[in-house]
Amino acid sequence: MFSASQSSKAQFLDKARQAREERRELKERERAAVQVQALIRRFLCRCRLQREIRREVEDFFGANESGSSKRSALSVFRIARKLLFVFNQKEDKERFEKLCRCILNSMDAENEPKVWYVSLALSKDLTLLWIKQIKDILWFCCEFLKQLKPDILQDSRLVNLHLTMLVTFTDTSTWKILRGKGETLRPAMNHICANIMGHLNQKGFYSVLQILLTNGLARSRPSLSKGSLTAIFSLALRPVVAAQFSDNLLRSFLIHVMSVPAIMTHLATLTPERLAVIESHDLFHKFILFLSREAQCRDVCVCLEGSHTLCLLGNLVYLGSLNDKVLEEETAHFVGVLIHMLSYCQKYVSQKKSNLTHWHPVLGWFSQTVDYGLNESMPLLTKQLQHLWGVHMIRILFSDVLSKKLLENQEIAQLPTQPVSPQNSLPMKNLFKRAFQKSASVRNILKPVGGKRVDSAEVQKVCSICVLYQTTLTTLTQIRLQILTGLTYLDDLLPKLWAFICELGPQGGLKLFLECLSNDTEESKRLLAMLMLFCDCSRHLITILDDIEVYEEQISFKLEELVTISSFLNSFVFKMIWDGIVENARGETLELFHSVHGWLMVLYERDCRRRFAPEDHWLRKDLKPSVLFQELDKDKKRAQLLLQYIPHVIPHKNRVLLFRNMVTKEKEKLGLVETSSASPHVTHITIRRSRMLEDGYEQLRQLSQNAMKGVIRVKFVNDLGVDEAGIDQDGVFKEFLEEIIKKVFDPALNLFKTTSGDERLYPSPTSYIHENYLQLFEFVGKMLGKAVYEGIVVDVPFASFFLSQLLGHHHSVFYSSVDELPSLDSEFYKNLTSIKRYDGDISDLGLTLSYDEDVMGQLVCHELVPGGKTIPVTNENKISYIHLMAHFRMHTQIKNQTAALISGFRSIIKPEWIRMFSAPELQRLISGDNAEIDLEDLKKHTVYYGGFHGSHRVIIWLWDILANDFSPEERAMFLKLLQASAFGLCLPQASFFHPLRGSL
């Protein structure tokens, strides 16, 4: 009984609790239902009210459009107030458009004060409400402008509508209420307009204008009409003028308006009167002064993304090109502003692609996010920037340099017009002597004289300008060539800049700039930037000038000046390397070195092709070869750098010795030298006299790289199939090598052709008719490499351009195919350069970007570019045509053959071994020299066999006959018997001859 009673009680309590929960839930549902019903009723009521208001608005505008009497300003105000109360940008777009048109129509009414919408501003009761309403309406206009696309016709009309609203109510000049007696109200009304404009500025008015301008102008063809652009720019300028050009509004104008791509160019094209307004307000001057304060310039740059900073820069440069007076007066501030902005952009310019970089068509790889929507406007931006290196601005900025007079002599020594080969430049000695005798009177810039203080205002100004252009070159990486071409357009700028450099410091010249390298001051950096700019521009100029322009016309630089400049550069680079500066160089110092070294090597290679400098001009007499060799043996860094960058300062004979030492060391390392404890591996081959080339090719092409470098013994089989008697002590192999090379380089075989004129060899473009022709070229490269490796000189005169390719010069950014073209075909070169000098319309000649060639009786058309046979050659692309043609003749036609030969050659000879030689020097290494043979050295290095010795009477007679009875040609023929070459040895000096073995 007791347990049953407890159970009933628990059930009762549970039921009571459940009942309470149900009642509470019921109350919650009732309360929620009431709340939902209230919300729904409120929503429905609001919707009904909105529908009623919108219906009323539509009825109002419908009646207005039906042509009834004009609505009063009060009725427009009231209907506008209702529309704004329920305004939804998406739903009420058309209604808002009608409202704006209605308001504008009211402002056009004549002599009807009650109709003018602006008249409500005079009502005491409605003034504040009207001001709030017009502020809201104008801001809604701004919101619509942000979304509209001016390139769409319908949107373009709306843009004009909203801009008209903004123009009308931010300035009182069109308000008819102020005419006549209403003129007294103008100050108050102007104050209201200022209040409205201030409100818009706070809301982001300039950001709206920036979006609209970018949408309409950041394209190849602007989509904004003249009226729209005029309205936008007027609106942008009003707050600035009203605030009397305060810093805050100048900042906003620069960031949001002047950063729009090429806006100044568009103004000049569409509405040039706006540029007149800019000039009347002296805006360019104010911009420069504002940005000349470093903190404010940095603030503007930081606010702008990299691309927009560049756009601002372009617009400032364009304005500068139109304001000569300001540019002349504020050169220092203008230059400083541009340097700061370019330096800011340069921080984000990257040298290579990565996951953190983006491609920019002007800056290259850029480590900030790039607005790709601006890409269409980049050509216009580039045109604006081109004013910076245009003739007009260069004349203004470099006026101090260009104003200098250079003394000219009417009797300047002119070089002969015919080309002079490097191997045959001895007749030029008298010419150089005469040139140097007259050099002092030709120009007073040939030698550094010093005397100008480096801290003077003039020097600092020129240094700043040089820093500007050098920063431009390192920042605008994708248009670097355009910049260099512009800077070198004036023929007298670089010579006068060199004259300016020569006047710097107490003594001028080398000492000043070497001191700058050790001083980490701003002044030193500026001076080095001047030198760097001079080197970059001069290198570019000499690279694009052909031989006629350099040697005969002597454009920009006289040859005597090039001699002086190259001497300065040679010493500067040598000091930088030998004093250990390059070893630890980073950043700007390393860039300076590469700039100076690049200019030096362009001059050196030009001199190697055709001499302009005197003999031994490039050597450093204070550098002892023995000291250099000792440091190389100790792996000293400066000695290695010297050999890498300027090997020409070492005499040629010492470089040949160094080359032979490198080969000897490798032979020892590979075990190819006979020692007391081991003999090198010998490869034996059997060659049939009647099939020497075929047998040699089959047996040698399969050998490994080390086997080719090792000892190879040859056994000849005569035409009867009988082995020829004889012991190969290198002599038989030399004979075999000479015969092989003689056969493969015979033009009749059509593996190689000869150039017109001097008949030098290069790969034949039609060599592809041979089966496995690329393997044949690789084999030829190995044979040539083996000859050089073993010190066997062979009679193979190569064309200069082919030697340059063998050295790898054609991969250099400074290599010019046109410069090398005379070594292939001098007549073809003259014809091409005549196109360059053609004064008329080149299209009259009927040329296309193609090359027609007679190939084995058939006319073959080679397109220099895809579709080239349909692209005419014009005055605009004739320079490209010349370079394309030269490149095709010397590279494209024989690309595969050259690559195969170089591959075979480099399998024997390491590229770094021969980089210490120029093209003519490499020819001497391969084919020897025609200098007198040193019989004493030959006698000292001769090894006798067969019972003969140095004191044998027959041997004494031999040397006596060679010395007294043989002519130089006969001695060369005798040497051919021993060394297999009619040219003699490449260096007939002491310690060069290898032991000559033979049964004498």
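**Reading the terms in a predicted model**

Residues 24 or more positions apart account for 74% of the contacts in the protein chain with a separation of 6 or more. The model is predicted.

Reader: What makes up the protein chain, and how much of it counts as buried?

Author: The protein chain has 45 helices and 11 strands. Of its 1000 residues, 51% count as buried. Its accessible surface comes to about 48,200 Å², and carbon and sulfur atoms hold 52% of that area.

Reader: Why is I40 called partly exposed?

Author: Buried means under 20% relative accessible area and exposed means over 50%, with partly exposed in between. I40 has 44% relative accessibility, so I40 counts as partly exposed. I40 lies in helix 1, which covers residues 2–65.

Reader: What makes a nonpolar patch of V36, I40, F43 and L44?

Author: A patch takes residues with over 30% relative accessible area and no salt bridge, and nonpolar side chains are joined within 5 Å. V36, I40, F43 and L44 form such a patch on the surface, with about 350 Å² of accessible area together. For I40, the value is 44%, and the cut-off to pass is 30%.

Reader: How do you know how helix 32 and helix 34 are oriented to each other?

Author: The axes of helix 32 (residues 692–700) and helix 34 (residues 731–744) come within 10 Å and cross at roughly 110°. Angles of 65 to 115 degrees count as roughly perpendicular, so helix 32 is roughly perpendicular to helix 34.

Reader: Which residues make the contact between helix 32 and helix 34?

Author: Helix 32 contributes M692, L693, G696 and L700. From helix 34 come F736, E739, I740, K743 and V744.

Reader: Why is helix 42 said to be largely enclosed by the rest of the structure?

Author: A residue is buried at under 20% relative accessible area. Eight of the nine residues of helix 42 (residues 919–927) are buried, so helix 42 is largely enclosed. The buried residues are A919, P920, E921, L922, Q923, L925, I926 and S927. What covers them includes helix 28 (587–609), helix 31 (652–670), helix 35 (773–790), helix 36 (800–807) and helix 41 (911–914).

Reader: What makes helix 12 mostly covered?

Author: Seven of the nine residues of helix 12 (residues 283–291) are buried. These are L283, F284, H285, F287, I288, F290 and L291.

Key:
Residues numbered from 1 in each chain as written. Predicted model: local features only at pLDDT ≥ 70, side-chain atom pairs only at ≥ 80, totals over all residues. Heavy atoms only, no water. Patch = residues over 30% accessible without salt bridge, like charges linked within 9 Å, V, L, I, M, F, W, Y side chains within 5 Å. Areas by Shrake-Rupley, 256 points an atom, 1.4 Å probe, with all protein chains shown as cover. Salt bridge = Lys/Arg side-chain N within 4 Å of Asp/Glu carboxyl O. Helix = DSSP H or I, 4+ residues; strand = E, 2+ residues; numbered from the N terminus. Buried < 20%, exposed > 50% of the residue type's maximum accessible area, 1.4 Å probe, protein only. Axes fitted to C-alpha atoms, helices over the stretch in contact; angles between N-to-C directions. Parallel < 35°, antiparallel > 145°, perpendicular 65-115°, else oblique. Contact = heavy atoms within 4.5 Å.
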